[in-house]
Amino acid sequence: IPYLAPVPYKGQKNKPSYIMYTAEKISNILKMSLDEFSELTRKNADRLLFRDFNEWTRMGGKIRIEAKL
């Protein structure tokens, strides 16, 4: 959504370059360091995009979604 910019830019058009403000806020909410949050985000993106071919083949080459409620 173009007008949900983070706090220092509130009310202005949102830009991809503001992602660090969002990452900092989320890491604070989750009570983890920015480095830990960044690593977690990278791992999730890797899993989502199946960059780890070994994991993809171990899953039988099929998408499997696991939700923990």
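Ile26, Ile29 and Leu30 together form a nonpolar surface patch of about 270 Å². Patch members have over 30% relative accessible area and no salt bridge, with nonpolar side chains (Val, Leu, Ile, Met, Phe, Trp, Tyr) joined within 5 Å and like charges within 9 Å; a salt bridge puts a side-chain nitrogen of Lys or Arg within 4 Å of a carboxyl oxygen of Asp or Glu. This is a predicted model, where local features need pLDDT of at least 70 and side-chain atom pairs pLDDT 80 or more, while totals for chains, interfaces and linings use all residues. Residues are numbered from 1 along each chain as its sequence is written, and side-chain values use heavy atoms, leaving out hydrogens and water.

**Around the patch**
- Leu30 sits in the loop between helix H1 (19–29) and helix H2 (34–49); helices are DSSP runs of H or I with at least four residues, strands runs of E with at least two, numbered from the N terminus.
- Leu30 counts as partly exposed because its relative accessible area is 45% (buried is under 20%, exposed over 50%, partly exposed in between; 1.4 Å probe, protein chains only).

**Ser27**
- Ser27 belongs to helix H1 and is buried, at 2% relative accessibility.
- A polar atom of the Ser27 side chain lies 2.9 Å from the backbone oxygen of Glu24.
- Leaving aside residues up to four places away in sequence, Ser27 touches Met32, Ser33, Leu34 and Phe37 (contact means heavy atoms within 4.5 Å).

**The whole chain**
- The protein chain has three helices and zero strands, in the order α-α-α.
- Of its 69 residues, 13% are buried.

Methods: Accessible areas come from the Shrake-Rupley method with a 1.4 Å probe; for residues, only the protein chains shown count as cover. A polar contact is a pair of N or O atoms within 3.5 Å; within protein, one must be able to donate a hydrogen and the other to accept it, and residues adjacent in sequence count only if both atoms are side-chain atoms.
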